[in-house]
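Dear colleague,

I am passing on the structure below, and after it I have written down what was found in it. Please keep it open while you read.

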Amino acid sequence: MSGEDPLLEVDGLRKYYFEQDTVLDRLLGRDPVSVKAVDGVDFEIFEGETLGLVGESGCGKSTTGETVLRLREATDGRIAFDGEDVLEMDDDELIEFRQRAQVVFQDPFSSLDPRMTAGDIVTEPLEIHGIADRGERRERAVELLERVGLSADQIDRYPHEFSGGQRQRIGIARALALEPEFVVLDEPVSALDVSVQAQVLNLLEDLQEEFGLTYLFIAHDLSVVRHISDRVAVMYLGEIVETGDVDDIFENPEHPYTQALLESVPRASAGEHGRRVDALPGDVPSPRNPPSGCHLHTRCPYAREACRESDPEPVEVRPDQYAACFRADDGHAYWDSDPLDHAESD
């Protein structure tokens with residue numbers, strides 16, 4: 001990928017939420033509390049690939065995806081799409097961007113308007129952008145519904161008449177209506193039965209190949225991420241701690257958080273990976289008051305004083321694999337060295 005320009009480039013992205021201050025806060029001179037949902041995220045996505053963004057619930061994955069599309073306004077940072085700064089776009093430029101970048105939401109039960117038919121849902125983006133007349137839009141809806149595995153005679157049915165998997169197919173058809181180049185897939189199969197998940201994933205892969213789509217695939221299920229992704233970015237408490245090729249991340253993780261995530265995945269034999277890192281102690285800290293330095297240091301069995309004092313920069317541990325960890329920077333492999341004393345919580 002090093003010789004290509006990325007389709008999407010995210011640099012230093014931050015999204016903070018400032019809680020409403022109270023009368024008591026104002027009397028005591030307290031500053032509003034910020035919730036650091038996304039705290040300095042960097043990544044790139046190249047044309048035609050799928051980047052899997054993975055992490056525990058509440059780590060900021062969905063907020064990242066929504067902020068990239070400007071469904072939420074960024075607090076700071078830069079988002080470049082095909083070389084254009086998304087955060088600097090005016091209204092007309094943003095309308096054009098929204099035709100080229102779409103989203104499939106997590107919950108097909110709440111992301112579809114229950115008062116609209118499947119055909120109306122799919123054609124709504126075309127109507128909003130003033131594309132084609134009513135008859136042409138209906139023809140396009142039939143074409144898209146059939147392409148995602150539904151039938152033409154279902155076009156006038158309402159969402160409650162469909163199963164969960166069928167509803168998500170309607171959501172996918174809606175996202176494709178404007179012929180986008182880039183799609184954010186926000187946990188698109190997590191609300192579906194396991195038996196349906198594989199069907200939807202295979203559909204997404206087929207559509208990507210057919211239409212030349214580029215995906216940001218957000219998920220917490222590592223097996224799903226491995227199935228569909230080309231590269232993976234691992235997120236913890238608003239920060240990306242490791243990125244790399246999907247096989248490198250799953251076979252040779254270099255960050256203790258990545259390793260802990262992988263160890264939490266059920267597998268046939270305990271020795272499948274040939275190494276073992278115990279589950280991280282404690283709970284995920286609050287994004288209202290994240291730890292100083294490396295956010296993981298309060299739970300990491302390899303933490304040392306430097307981890308408390310400063311946030312490590314990502315270093316290249318293998319070609320195109322980066323880990324934000326001081327021990328990776330020193331060339332140590334976590335499972336080949338003695339664990340250090342666990343740092344106390346701040």
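Glu187 lies in the loop between β7 (182–186) and α7 (194–211), where helices (H or I, at least four residues) and strands (E, at least two) are DSSP runs numbered from the N terminus. Its phi is near 50°, a positive value in a residue other than glycine, and Glu187 is buried, with a relative accessible area of 8%; buried means under 20%, exposed over 50% and partly exposed in between, with a 1.4 Å probe and protein chains only.

This is a predicted model, in which local features need pLDDT of at least 70 and side-chain atom pairs count only at pLDDT 80 or more, while totals for chains, interfaces and linings use all residues. Residues are numbered from 1 along each chain as its sequence is written, and side-chain values use heavy atoms, with hydrogens and water left out.

Arg70, in the loop between α2 (61–68) and β4 (76–81), also has a positive phi, near 60°, and Arg70 is buried at a relative accessible area of 14%.

Best wishes
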